[in-house]
Amino acid sequence: MANMSGNTDGIPEELRAKVDKHLEPFTLSLEKLKDISIRFKDEMKKGLGKTTHHKACVKMLPTFVRATPDGTEKGDFLALDLGGTNFRVLHVQVKEQKVVKMDSQSCAIPQEIMVGPGKQLFDHIAACLSKFLDTQNLKGKTLPLGFTFSFPCEQKEIDKSILIRWTKGFNCSGVEGKDVVKLLKMAIQRRGDFNIDSVAMVNDTVGTMMSCGYPDSNCEIGMIIGTGTNACYMEDIKNVQRVVGEDGQMCINTEWGGFGDDNALNDILTEIDFEVDRTSINPGVHTFEKMISGMYLGDIVCLMLKKLAEEKLLFKGQVSDALRTPGKFETKFLSDIEKPRSGLENAKRILNSLDLKWDLTDLHVVQLVCDTISKRSADLCAACLATLANRIRTNRGLEKLKTTVGVDGTVYRKHPNFSTKLEERVKELAPQCEISFLISEDGSGKGAAMVTAVAQRLARQSRLLDSDDDGDNS
Ligand code: GLC
């Protein structure tokens, strides 16, 4: 049965039964979610294994972030944030257990740059950075830089990060397989009008986790549900077979968006999911992400509305040109339509803007569709998040785990009940974990600075240790 929440009443029983039939494949039972959670656990193991990781869809990428903040970090940093809806440059100060954003500037990345030659993308980034340094009077200073680059990267060190593949709307040529830090530095050298100090590469999930580390030292998971979706968590180094070392921890960027790329989720994929994948810029990859994140939710709903209209269950069988056009039904429409009080009014406005003729029953059906699709998204995130929390718990041999998830992303933040749906499901799926959720304030910007600051602290501490060793030996 499709979801029966309050705002989906108002549909005659017979029609409701027919609509439910179409929505059924999008409704996942608790048992099914438990099963998905087990599959994800196996995928994680594969991604961490020495001989299995190169075949894994869930990449489990080492990030070389070995510690969360301890409160002694300090300094002035630049941060770049590329990978969501905007590109941003920031100047950030870390002091007295606070991350203070001094200033920031957003730069648009035109569509032709998002899919053009990589050199052009990095020249654009360097140009934005140069402009920002001018306005901040920072050109003479050589500051360390944290680069939040929200794409799957094989990190060799904190400052060496090879792009595995573009995801979301990006597809610049000549970058996959290359070191992003090098490409950035080369673009800066080509300009020759400023310099940067050390660089730390950061995935947005990691920035989100790290930026929550001051208010809450239990924060060991970072999660994004925005344009894309992904999560990271602190793993015992001894389990990260690709990295040398036995002691301590390392943050792992799971890249859970790739879950299902080996057909492991085919039993829950619907015709509509296959169509979304087929018409995407990167068919065959990031299967899980395409069922969940903001880049795709609008299109999923749109295809379902089109299907129901074709079946004469909506809009008196009429399909407008807008409903046939991918991207016209925006993901933010789901949030507007599902709002508890203004939802129906918003639905009217949105359907009018899409040239659709509706009656009151249509409005309720549209609400039911949005509710079902966003619930599936929240359920799937919950299944994998529960797996992560349980993994941390069993790693530590604990009966109960208390942990915090730092979260960011437009879907989680802006949707009226996505977070509640997700949190309720996680409780059911990970009853032995007491999970709190903390919305990260500008994790991608401040978090990048924090990762850079922690890396500098660890380097400082290790230099001190080295000099102690020298002393012992002499
Ligand atoms: C995509 C990227 C991933 C990022 C996520 C959220 O899944 O591959 O690196 O963290 O989007 O932005």
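Which side chain does Glu-14 meet in a salt bridge? Its partner is Lys-18, at 3.8 Å from N to O. The views below are close-ups of a predicted model, in which local features need pLDDT of at least 70, side-chain atom pairs count only at pLDDT 80 or more, and totals for chains, interfaces and linings use all residues. Residues are numbered from 1 along each chain as its sequence is written, and side-chain values use heavy atoms, with hydrogens and water left out.

**View 1. Glu-14 and Lys-18 in helix α1.** Helices are DSSP runs of H or I with at least four residues, strands are runs of E with at least two, and numbering starts at the N terminus. A salt bridge here is a side-chain nitrogen of Lys or Arg within 4 Å of a carboxyl oxygen of Asp or Glu. By this rule the count comes to 35. Glu-14 counts as exposed because its relative accessibility is 60%. Lys-18, at 43%, counts as partly exposed. The classes are buried under 20% relative accessible area, exposed over 50%, and partly exposed in between (1.4 Å probe, protein chains only).

**View 2. Lys-32 and Asp-267, a link between distant parts of the chain.** Their side chains meet in a salt bridge at 2.7 Å, N to O. Lys-32 sits in helix α2 (residues 30–48). Asp-267 sits in the loop between β11 (249–253) and α7 (271–278). The two are 235 residues apart. Lys-32 is partly exposed at 26% relative accessibility. Asp-267 is partly exposed too, at 44%.

**View 3. Asp-134 and Lys-139.** The closest N and O atoms of this salt bridge are 3.0 Å apart. Asp-134 has a relative accessible area of 43%, so it is partly exposed. Lys-139 is partly exposed at 22%. Elsewhere, salt bridges that share partners join Lys-32, Asp-35, Arg-39 and Asp-267 into one network.

**View 4. Glu-220 in strand β9.** The strand covers residues 219–225. Glu-220 counts as buried because its relative accessibility is 10%. Its side chain makes a polar contact with the side chain of Arg-396 at 2.6 Å. A further polar contact joins the side chains of Glu-220 and Thr-403 at 3.2 Å. A polar contact is a pair of N or O atoms within 3.5 Å; within protein, one must be able to donate a hydrogen and the other to accept it, and residues adjacent in sequence count only if both atoms are side-chain atoms. Leaving out residues up to four places away in sequence, Glu-220 touches residues including Met-209, Cys-232, Tyr-233 and Ile-392. Contact means heavy atoms within 4.5 Å.

View 5. The contact takes 16 residues from domain 1 and 20 residues from domain 2. About 1300 Å² is buried between the domains, 60% of it on carbon and sulfur atoms. Buried area is the accessible area (1.4 Å probe) that two parts lose on being put together, summed over both. The rule finds two salt bridges across this interface.
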